[in-house]
Amino acid sequence: LLTQWKAIEADREDTDDEMVDANAVVRCLDGILDREVNKLAGQLLAENDRDASAPGFRKFFPEPPSEVIRLGLESEIERTKKLDTVAEEIGASKEVKVILKRIAGVRIKGDAAIKAREKVAERQGRVSLRISTWKDDANHARRSVESALETFASEQRLPRTYSDEFFPLRRSTKKDAEAAPSDAPPPK
């Protein structure tokens, strides 16, 4: 069981590390996409005389650009797909098209990063199931050993607490303290 646990624990640590890395990649790409959306908003404002209510700006951003930027990567990817449609419909400037091309590149990387993170989450789930199975097996083994020790103690006329000597004391918890009977007299 200890050999199995070492392998399972190594897998758990590996998948936890992979998740930290996957989250970092997603967060980094989210920041890159946020900056590109901000650049697009700045370019559109420059092209529309700094007027956020101008149709050339409002078609791209009916909501404030900050609301798009605040979205998580997955939602922001979906939202920025609409920008390409608007650019085609209104005939966007060369500068806007360059920014939209960079946004499209980040979307591709973002989709890949999100899928990679989902795969890591699946592996974490499998490791979690292995941990649960191992705990069941370990508890069964412990109970079997305890039963054998109790049988031995009975046959050898040893004290009832004999088998307890082979197992670590259970740590007391707040629940145990609350459930234990108190020596204090009941409140009046």
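## Basis of the model

The model is predicted: local features need pLDDT of at least 70 and side-chain atom pairs pLDDT 80 or more, whereas totals for chains, interfaces and linings use all residues. Residues are numbered from 1 along each chain as its sequence is written, and side-chain values use heavy atoms, without hydrogens and water.

## Overall form

The protein contains 6 helices and 0 strands (DSSP runs: H or I of at least four residues for helices, E of at least two for strands). Its C-alpha atoms occupy a box of roughly 95 × 55 × 20 Å along the principal axes.

Of the 188 residues, 27% are buried (under 20% relative accessible area; exposed is over 50% and partly exposed lies in between, with a 1.4 Å probe and protein chains only).

## Aromatic pairs

The whole structure holds 4 aromatic pairs (Phe, Tyr or Trp rings, the six-membered one for Trp, with centres within 6.5 Å; planes under 30 degrees apart are stacked, over 60 edge-to-face, the rest tilted). One of them, F57 with F61, is tilted, at 5.6 Å between centres and 35° between planes. F57 is buried at 3% relative accessibility, and F61 is buried at 0%.

Y162 and F166 have ring centres 5.2 Å apart and planes at 65°, so this pair is edge-to-face. Y162 is buried at 17%, whereas F166 is partly exposed at 47%. Together with F152, Y162 and F166 form one aromatic cluster.
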